[in-house]
Amino acid sequence: MWEGLRLRVLLLCLGAVLWSSAVAARSRGPQDRGHRHHHPSIYRHRERHKEGQVLHRSKRGWVWNQFFVIEEYTGPDPVLVGRLHSDVDMGDGNIKYILSGEGAGTIFVIDDKTGNIHATKTLDREEQAEYTLTAQAVARDTNKPLEPPSEFIVKVQDINDNPPVFLHGPYYANVAEMSNVGTSVIQVTASDADDPTYGNSAKLVYSILQGQPYFSIEPHSGIIRTALPNMDREAKQEYDVVIQAKDMGGHMGGLSGTAQVKITLTDVNDNPPKFAQGVYAMSISEDKVPGEEVGRLKARDPDQAENGMVDYNVLEGDGMNFFEISKDSETQEAVVKLKKPVDFETKRSYTLKVEATNSHIDPRFLSWGPFKDTTIVKISVEDADEPPTFMAPSYNFEVEENAPGGTLVGRVHARDTDIANNPIRYLIPRYTDLEEFFTISPEDGMIKTTRQLDRESQAWHNISVSATEIGGHHQDAKVRVNIKVKDVNDNAPEFATQEEVFMCENVSPGTIIKTVSAVDKDEMAHRQHFHFSLAPKVANNLNFSLKDNRDSTANIMVIRRGFSRVVQDIYELPIEINDNGIPPMSSTNTLLIRLCSCDSKGTFLSCNVEHLVLPAGLSTGALIAILACIVILLAIVVLFVALRRQKKEPLIVFEEEDIRENIITYDDEGGGEEDTEAFDIATLQNPDGANGFLPRKDIKPELQCSLRPGMRPVANSVDVDDFIKTRISDADNDPTAPPYDSIQVYGYEGRGSIAGSLSSLESVTTDSDLDYDYLQSWGPRFKRLADLYGTKDSADDNS
C-alpha cells in the first residue's frame, strides 16, 4: 500500500517537474528569459549591446516550479517530495546539494549526494498550506557555489480531514406566533477548514435533524423558515431545533457537524380578556369612608406584556354614583372602591356591570371576534354602629362683646342615624376652649358664654363640640363651631404715633407743623371718621391752631411768630379726638412741640435746651474757660502719674534685702509681760533703723505731714503702742514711701502694763478688783477689750 503511494507521489513530482520545464522553455524562446535553468557547467555567452558592451550570463540545465506533498501522511518512512539534479553532477560525489528556507532541516531534509528531498513530519494544510525553499549545488570540498541558488515551493495537498463547525452556536431566535408558512426565522452558517478550491471537501449542505414538521431549512443557505401555519404561543412557546451541516456535498462519506437552535414564539394579541365568573358578590360596611376598597376581580388574558393589558370600566348599574373602578397596574386586577358613603338604612344593595377590554388590539385579528368581556358585580351594604351625625358640617355663631356671662350663643344638633336612635350627649373638649369662655348644655346642645368677651383681645373663638351617643358603643362625632365676637364701640381713639414735633424758632405764622391721625381698636363703620379739636383749656391759646380735615386727620398750624427756646423750648398741645361711634368715645392726647434752632432755609441746626445746661449768670465764654481749666488739671495729673511710674528705684534702699509683702503672725500667748523669750521686738523694727541709721536717697521729701491730733498716744501707753501708731502714721502720710503692702500682726502685750497679764491661767482662780475704765481711753484698738471688762464691771455695780 505504502509502496504504491510513494510511487504515485514520485510520479506526480516528476510530472510536475517536466510540465514546469516545458512551460519555462516555451516561455523563454530564443532570448532565454526563464532564469530557471541550471547547467552543470558555466558557459560564458557574449552578447553585444547596442553601445558595444559585452554582457555575460549563465545557462541552466534544469527547471522546476513547485512540488506537492499530501497532508496527514502517517507512514513509517519519510515521504519523498522530489529530487534535485544538476547538469554539472557527473555522479562522482563532488557535488553537494544544499536546502534552505521554511522547514529546511526540520520538516524537509535533502540527501546532499542524490538531491532527494523527503518530508520527515506529518504536514497539516490547515496549519500551513505551502513552504518556500531554496536549493543550490556547491562543490563538496570547497563549498563554492557551482550554480546560483534557485527557489521553489512545496504545496501541501488537502484531504477531507476537517468536519464542518458552527462557530456561533448555540443559536437563539424569535418568531411571532401565527406567522405564515415560510417566514424566515434565522440563518445559520457552518465553516469547514478544508480547501474549498480542491474537491468537495468544503462543500456544505444543511438539513434538520430535529424540529420537524414545524420548521424547515434551505440546504445551501442555512436559512430556517416556519413550516406550519397558526403556531400558537399559548399552546407551545419554545422549540429546540437541531441543524446538521455535511461536507462532500452531502454525499456518503462526508464529515458533518450539528448546532442547537432554540426558537421562541413571541406573543401577539390573538386572545380576548375573559372573566372567570359571570357574577361577583361583594359587601361593605356603611361606616366605611370614601376611598375604601370593596373588592377585586380580574379578567384573564393569556397574552403577554401590552397584548395582555386589560382596561376596566363600569357600563351601567345603580351603584355608579357610589362606587368606582380602578386598575392595579401590577396585578392587572379591577379594584372596586367606595366613591360616596353608603347608608344601610337608606339602601342595602347595589349592582354594577363591569366591562374588560384589551388596551392594544391587533387589527390582523379583528375578525376573530370582540376583544372584551362583561360581568355583573353585586355589592351589599352591611349595618354598622355609626357615630352621631350633626345636621351641619360646621356652625358659625355671633355674640356681642361685653355681653354678660350666660348669654346664648347658638345651638348645635346631632342625631343617631342607627335604627336604635340612641340619645345624644354634648361636650366641649377643653383643649379647644382652654380659657373656658363657653359652656354647652349636655342634653340640647345650647352654647352659652361664661363671662364677658373682648373683641379687641380675641375676635374669633374656634371650638369643637363632641356628640356621643348614650348606649351602644359610645360612638362620638365632632363638629367645628366658629364664634365671632361682634364689636361694640368701647375704646377711645388715640394718636396713631406718639412722637415729638420739631419746630423752628423763626417759623412763620400759618405754617403747618404737623398732620396728626388717629387709630381706634374698635371696628370703623362705613364713612365713619375721627373728629379732632383742641382741648377746651387751650382752645384760645395764642400759639397754635387746629384744622380738622374731615378725613380722620387734622393739621396743626402756627398762629404767631417770635418763638424763643430761651423763654420756652417745649409746648404741650392737648388735642381731643372723637370717633363719632355709637356710643361716641373720645380721648385727649397731648402733642409735644419742641423748638429748634434753624437756618434761613428752615434746616434744623440744634434742638438742645441751652438754658437748662448753662448755670444762671454764666456766659458761653465763662463755660469755655472752666472747661479749659479742667482739661489742664487733667493733663497735669496724667503727667505726674507718668513720671512716678518712670522711677526705677524706690526711695528706701535696704542694704541686704528688700522686704516686701511680709506677713508675720504670732499665735503664742506668752507668759505675760515678764516673758521676754516669746519674741524680740527688734524684728518689728526696720533692721537698719534699729542701729540708728536709715539710708535714704538724697531727695528730701517736699511734704511734711504733722501727726494728727487723733494719733497722739495717750497717757500710760507702752512703747509698743506708740511704736505701732508711729509706723502707721509714717506709712499713711509719707508721700515718698514706696507703694509696698506690708501686713504685720503684733501679738506683744507690752512691758510694765498696769493691767497685768491677760492670760486666763491666773484669772480663773483669782477675782480681780482692778478698775478697767481706763481701757476706754486706749483708743479703738482696745475697744473690744474695754467693752468686755468695762461692761461687766458696770453690770456688777448696777446690781
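This is a predicted model: local features need pLDDT of at least 70, side-chain atom pairs count only at pLDDT 80 or more; totals for chains, interfaces and linings use all residues.
## Before we start

A residue counts as buried when its relative accessible area is under 20%. A salt bridge, in turn, needs a side-chain nitrogen of Lys or Arg within 4 Å of a carboxyl oxygen of Asp or Glu.

## The big picture

Strands turn up a lot here: the chain has 6 helices and 47 strands. There are 799 residues, and 33% of them count as buried.

How much of the contact count comes from residues 24 or more positions apart? Taking the contacts with a separation of 6 or more, such pairs supply 67%.

## The annotated span

An unreviewed UniProt entry annotates residues 622-643 as "transmembrane region". In the model, that span is 100% helix and 0% strand. From one end to the other, its C-alpha atoms are 32 Å apart.

Glu386 sits in the loop between strand E27 (372-382) and strand E28 (389-390).

Glu386 does have a polar contact, though: its side chain meets that of Thr417 at 3.3 Å. Setting aside neighbours within four places in sequence, the residues in contact with Glu386 include Glu286, Asp343, Glu345, Asp416 and Glu469. Gln475 is also among them.

Now hop over to His473, in the loop between strand E35 (460-469) and strand E36 (476-486). His473 and Glu386 are 87 residues apart along the chain, yet their C-alpha atoms are separated by 9.0 Å.

## Ser359 and its partners

Ser359 belongs to the loop between strand E26 (349-358) and E27. With a relative accessible area of 29%, Ser359 is partly exposed. Leaving out residues up to four places away in sequence, Ser359 touches Met309, Val310 and Asp311.

With Asp311, the link is a side-chain polar contact of 2.9 Å. Asn307 is 52 residues from Ser359 along the chain, and the C-alpha atoms of the two are separated by 7.5 Å.

## Salt bridges

How many salt bridges does the whole structure hold? A search finds 23. One of them pairs Arg140 with Asp112, whose closest N and O atoms are 3.4 Å apart. Arg140 is in the loop between strand E8 (130-139) and strand E9 (150-157), while Asp112 is in the loop between strand E6 (108-110) and strand E7 (116-119), so the bridge ties together parts 28 residues apart in sequence. Arg140 is partly exposed, at 27% relative accessible area, and Asp112 also comes out at 27%.

Lys347 and Asp318 form another salt bridge, with the closest N and O atoms 3.5 Å apart. This pair links distant parts of the chain, 29 residues apart: Lys347 is in the loop between strand E25 (333-338) and E26, and Asp318 is in the loop between strand E23 (310-316) and strand E24 (323-328). Both ends count as partly exposed, Lys347 at 31% relative accessibility and Asp318 at 40%. There's also a bridge between Asp476 and Lys478, at 3.6 Å between the closest N and O atoms. Elsewhere, a network of salt bridges links Glu293, Arg296, Asp328 and Glu333.

Which peptide bonds are worth a look? The one from Gln212 to Pro213 is cis, with omega near 5°, and Pro213 lies in the loop between strand E14 (205-210) and strand E15 (215-217). Ile582 and Pro583 are joined by a cis bond as well, with omega about -10°. Pro583 is in the loop between strand E43 (570-578) and strand E44 (586-598).

Then there's Asn230, not a glycine but with a positive phi of about 55°. Asn230 is in the loop between strand E16 (223-226) and strand E17 (238-246), and counts as exposed at 53% relative accessibility. Glu436 isn't a glycine either, and has a positive phi of about 55°. Glu436 sits in the loop between strand E32 (424-427) and strand E33 (438-440), and is partly exposed at 43%.

Notes:
Residues are numbered from 1 along each chain as its sequence is written. Side-chain values use heavy atoms; hydrogens and water are left out. Helices (H or I, at least four residues) and strands (E, at least two) are DSSP runs, numbered from the N terminus. Buried means under 20% relative accessible area, exposed over 50%, partly exposed in between (1.4 Å probe, protein chains only). Contact means heavy atoms within 4.5 Å. UniProt positions are given in the numbering used here, feature names are shortened, and annotations may be inferred rather than shown by experiment. A polar contact is a pair of N or O atoms within 3.5 Å; within protein, one must be able to donate a hydrogen and the other to accept it, and residues adjacent in sequence count only if both atoms are side-chain atoms.
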